[in-house]
Amino acid sequence: MALLVTCDTGGDRIPESLRELLAHAGWPGDLPGTASVLSDEDQSRLSPPLIDRDAGFASRMIAEHAGCDLIANPCRADLVDVGRSVHHRHLFGPSIRKLSAQVRKAILAEVRTPYRDAVRRQISEMLLQQPYVVHLSVRTFAARATSGQWQRGDVGLLYDPGRRDELDWCLDLSDELYFAMPDLRVRRNHPGRGTNDSLTKAMRKHFHDVHYLGVELVLNRAWAARPVRRRGEVLRSLARAIRDVTPEATQRAA
């Protein structure tokens, strides 16, 4: 097996090629010389957040300790959510949706298309070398949903239950995590479903005739956003468990 970690939402950059276009279009985001339209407190309540730095940090740690490749979107998610399909209602951030079709098209061309092409190309190259590819797409989720309900669980594994390889891999990882960290609450297909619109769903469709396993690894921000020693310990243990259930990744890291 080959292992690839990606992160759609951890970036904080705005491409230079878009700055002038966004400023001319009157985008109220925090370009140089402007103020963000949302406070840090407001942003922390959003799911997904405008800039999911916690997912970016977690994906880097997991990739490092699992000894695998990482592809991370460097651009901020309030421009465009690169994991969504072009027809998804939350593809663009609220302020971007108010801008012209020309601006939105430019954002897709500068941010979404290159990222998804890079992920697709990397998976294709891995499949030339290994019969199986496990693709983990890392995000975080809010402990309290926008509806006000608490979302239980520390780690969510979102997969397509109709794909036996994905089911078996997630069951193996759940078991491994239980023995490594029995207090960590791991839930399958929670707080979302692995069949919902996502990058992994799109890659399943593209690589439908090969052994591609696409799993969203979602972490509760109640702990993933706390810069304390315990967070690092959990992420390292999580990476080791992922490595242990993905044999070839273990060999690469050795």
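Contact here means heavy atoms within 4.5 Å. With that in hand, this briefing looks at one helix pair and at the nonpolar cores of a predicted model. The pair is H6 and H9, whose axes lie 9 Å apart.

- Two packed helices are described by the angle between their axes and the distance between the axes.
- Helix H6 covers residues 164-180, and helix H9 covers residues 229-244.
- They pack at an angle of about 135 degrees.
- That angle makes H6 oblique to H9.
- The crossing of the two helices, H6 and H9, is right-handed.

**Who meets whom**

- H6 brings Trp169, Leu173, Glu176 and Leu177 to the contact.
- H9 answers with Leu238, Ala241, Ile242 and Asp244.
- Sorted by class, this contact of H6 with H9 has six nonpolar and two charged residues, but no polar ones.

**The largest nonpolar core**

- This core holds 34 residues.
- Ile62, Leu136, Trp169, Leu173, Leu217, Leu219 and Ile242 touch the most other members.
- Each of several elements supplies at least two residues, among them strand E1 (2-7), helix H3 (53-66), strand E3 (132-141) and strand E6 (211-220).

**A look at Leu217**

- Leu217 touches Ile62, Leu238 and Ile242, among others.
- Its partners also include Ser137, Val138, Arg139, Val155, Gly156 and Leu157.
- Residues up to four places away in sequence are not counted.

**Another core**

Methods: Residues numbered from 1 in each chain as written. Predicted model: local features only at pLDDT ≥ 70, side-chain atom pairs only at ≥ 80, totals over all residues. Heavy atoms only, no water. Axes fitted to C-alpha atoms, helices over the stretch in contact; angles between N-to-C directions. Helix = DSSP H or I, 4+ residues; strand = E, 2+ residues; numbered from the N terminus. Parallel < 35°, antiparallel > 145°, perpendicular 65-115°, else oblique. Left-handed = near helix turned anticlockwise from the far one by under 90°. Nonpolar A, V, L, I, M, F, W, Y, C, P; charged D, E, K, R; others polar. Core = buried A, V, L, I, M, F, W, Y, C linked by side-chain atoms within 4.5 Å. Buried < 20%, exposed > 50% of the residue type's maximum accessible area, 1.4 Å probe, protein only.
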